[in-house]
Amino acid sequence: MRTTIIRAVAALSLAAAALTAPTAASAYTDPAVIAVTPSVATPGGVATFTTDRAPYLGDEEIVISVTGGAAKGITLASVATETNDSLRSQAVNGALATPVRFPTDARGVYYFTFTGVRSGVVLHSSVTITPAGSSSAPAKGGLAVTGFDGGSTAGLWIAGGTLVVGGGALAVGSLVRRRRNQGS
């Protein structure tokens with residue numbers, strides 16, 4: 001009987017840990033949110049990245065890293081560069097205001113990382129490139145969208161709660177059955 005209770009408590013603890021793990025991941029927030037204008041760009045077009053506040057130090061240099069198809073052809077709109085590793089921008093009073101020009105063969109989604117050289121502040125954003133005349137959902141600034149939003153996880157919470165209650169009912173049922181068998 002004692003081992004059954006220990007097993008039931010262990011199972012309930014594991015279920016509770018599994019259900020509370022997603023809440024720890026949602027505690028992180030970016031120091032600023034990046035807005036992209038336009039949020040859906042065209043090949044050869046320009047998109048400007050700006051922040052809603054000033055997360056960088058004064059006129060700090062910002063290193064820009066880009067990942068995506070033909071990413072090495074991306075340049076800053078005001079300065080032509082040869083590779084995406086050499087993209088640099090300058091914060092204006094701590095805020096980001098960086099126009100980026102996409103190559104004419106750009107396609108798909110481009111992921112941007114903006115890193116302050118002195119402050120170490122890292123911001124992320126993405127831009128979707130679509131051919132002229134087609135439409136797509138806008139890109140989101142800030143953290144990458146990698147999972148469920150809070151509203152869509154309600155079903156997971158209900159299912160997890162059901163598992164915990166069901167496990168508790170099984171533990172109580174087996175305990176009652178053993179006591180009956182011992183009394184007979």
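**Aromatic residues and their surroundings**

Me: Is Phe102 buried or exposed?
Reply: This is a predicted model, in which local features need pLDDT of at least 70, side-chain atom pairs count only at pLDDT 80 or more, and totals for chains, interfaces and linings use all residues. Residues are numbered from 1 along each chain as its sequence is written, and side-chain values use heavy atoms, leaving out hydrogens and water. Buried means under 20% relative accessible area, exposed over 50% and partly exposed in between, with a 1.4 Å probe and protein chains only. Phe102 has a relative accessibility of 2%, so Phe102 is buried.

Me: How many aromatic pairs does a search of the whole structure find?
Reply: Rings of Phe, Tyr and Trp (its six-membered ring) pair if their centres lie within 6.5 Å; planes under 30 degrees apart count as stacked, over 60 as edge-to-face and the rest as tilted. Searching the whole structure gives a total of five.

Me: What kind of aromatic pair do Phe102 and Phe112 form?
Reply: Their centres are 6.1 Å apart, with 85° between the planes. The pair formed by Phe102 and Phe112 is edge-to-face.

Me: What kind of pair do the rings of Phe112 and Phe114 form?
Reply: Phe112 is buried at 1% relative accessibility, and Phe114 is buried at 0%. The ring centres of Phe112 and Phe114 are 6.0 Å apart and the planes lie at 10°, so the pair is stacked.

Me: Which residues form one aromatic cluster?
Reply: Phe102 and Phe112 pair edge-to-face, while Phe112 and Phe114 are stacked. The cluster consists of Phe49, Phe102, Tyr110, Phe112 and Phe114.
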